[in-house]
Amino acid sequence: MPVAAAPRQRSAQYAGQPNDSTHQPRKGNIITDWFTKPGKHGFLSSFLWLATFVCLGIMGLRVAPNVDQDGRALPEIIAFVPVAGLVSVVVLIFALLWRRRLLTVVSIVCVAVQVAWHIGFFVPTAKISDEAKQTVAAAASTDDNVARIMTLNTKEGNASATDIVRIVREEHVEVLALQEVSQDLLNNLQAAGLYDILPYNIMSDASAQDNGGLNGVWTMAPMSNPSQSLLPIETSQMPAGTIQIGDKQVRFVSAHPNSPTRGKQSLWSEGLGTIGDLKNYDWTYVVMGDFNSTWDHPRFRALLGDRFVDAGEQAGEGYHFTYPGNSKIPPVIEIDHIIHDKGVTVADLETVTVPGSDHRALLATLES
């Protein structure tokens, strides 16, 4: 009699039991989740949109025609364009984390435009040699082709003369430009020993629009063709002096146009225009000072034209915010500049706090 085959045992799957390897819900990944899942924190994202609209408004002022002239709009707002860029980066990060798709696209556009506007602050256009850096780090000398230079707004002469001289000595500064200088500060600088380091000096003529004080230039090398008032201007006068650096005669200028406060926008724009007129003269210029304007002001870029460059925008070293100084608020505006002819190279910039001033000093190395 044939033996009956034993019944086959049904698998767990056949019996209706789930098979973990084939029937578990498929897990997504961070990329697919971002596109397929709904966004998060809708209420909080409204604050990100508000910040974005503010950033777009500030950025719009930068490109609006004549917006920074004669009070047609507040030029102070344009000074915060880089800050708007930093805000856009923060918004973009949260928009990505919270899967806010439209906000992400708008933020990417904002950041991309900001990068295009400020690419020179992060990708160097001009560099000084390693030898130049080593030379200024070792000692100050008038017999080479490099010089450490410095500019500072002294806040109506309230900056510490002792600290100014200390920085000049420690940084091996060979050319110093100061703005808003008072007679008391001049006396204190002399007592602190500035003239032992930088014996040659030219001060601006006094005028009705001194804008907080006089401007001055101090140099280690002998100064030729000194001028107390380089060009007619209705704001603080621009002193200038020429020194030899390497094989070039370089004319240094200390400038301080009026700030664009209510009722003085015309003085501000006229001052920037006068500085721009230096493009018509046959010197190798280096103009240092408190320009009361930033790279984002159309009038500042206009004064540069196709001849001058802004050292901060060329160096690829990031922003060098100089205002406000000695404040609970960190510096957020870059209004102190070193602009120069393309015949020399200026880089290796840094800012330094000086007690008593509401600006930070701006230092750089020049190579001819």
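Student: How do the residues lining the largest pocket divide into nonpolar, polar and charged?

Tutor: Seven are nonpolar, nine polar and four charged, with Ala, Val, Leu, Ile, Met, Phe, Trp, Tyr, Cys and Pro counted as nonpolar, Asp, Glu, Lys and Arg as charged, and the others, Gly among them, as polar. Keep in mind that this is a predicted model: local features need pLDDT of at least 70 and side-chain atom pairs count only at pLDDT 80 or more, but totals for chains, interfaces and linings use all residues. Residues are numbered from 1 along each chain as its sequence is written, and side-chain values use heavy atoms, leaving out hydrogens and water.

Student: How much space lies in that largest pocket, and which lining residues are closest to its centre?

Tutor: About 330 Å³, a volume being the space filled by probe spheres set on grid points joined across faces, edges and corners. Of its 20 lining residues, Ser-259, Pro-260, Asn-292, Tyr-323 and Ile-335 are the closest to the centre.

Student: What makes something a pocket and something else a cavity?

Tutor: On a 1 Å grid over the protein atoms alone, a cavity is a set of points where a 1.4 Å probe fits but cannot get out, whereas a pocket is an open set with protein on both sides within 12 Å along at least five of seven lines; lining residues have an atom within 4 Å of a point. Searching the whole structure turns up two cavities of 30 Å³ or more.

Student: What do the linings of those cavities look like by class?

Tutor: The largest cavity, at about 70 Å³, has eight nonpolar, three polar and three charged lining residues. Pro-82, Thr-294, Trp-295, Asp-296 and Glu-334 lie nearest its centre. The second largest cavity is about 50 Å³, and its lining has six nonpolar, three polar and two charged residues. Its largest share, three residues, comes from β6, one of the DSSP runs numbered from the N terminus (helices are H or I, at least four residues; strands are E, at least two).

Student: What is the handedness of the α3 and α6 crossing?

Tutor: Left-handed: the near helix is turned anticlockwise from the far one by less than a right angle (clockwise would be right-handed). Residues in the contact, meaning heavy atoms within 4.5 Å, include Leu-48, Trp-49 and Thr-52 of α3 and Leu-102, Val-106 and Trp-117 of α6. By class, that contact has eleven nonpolar, four polar and one charged residues.
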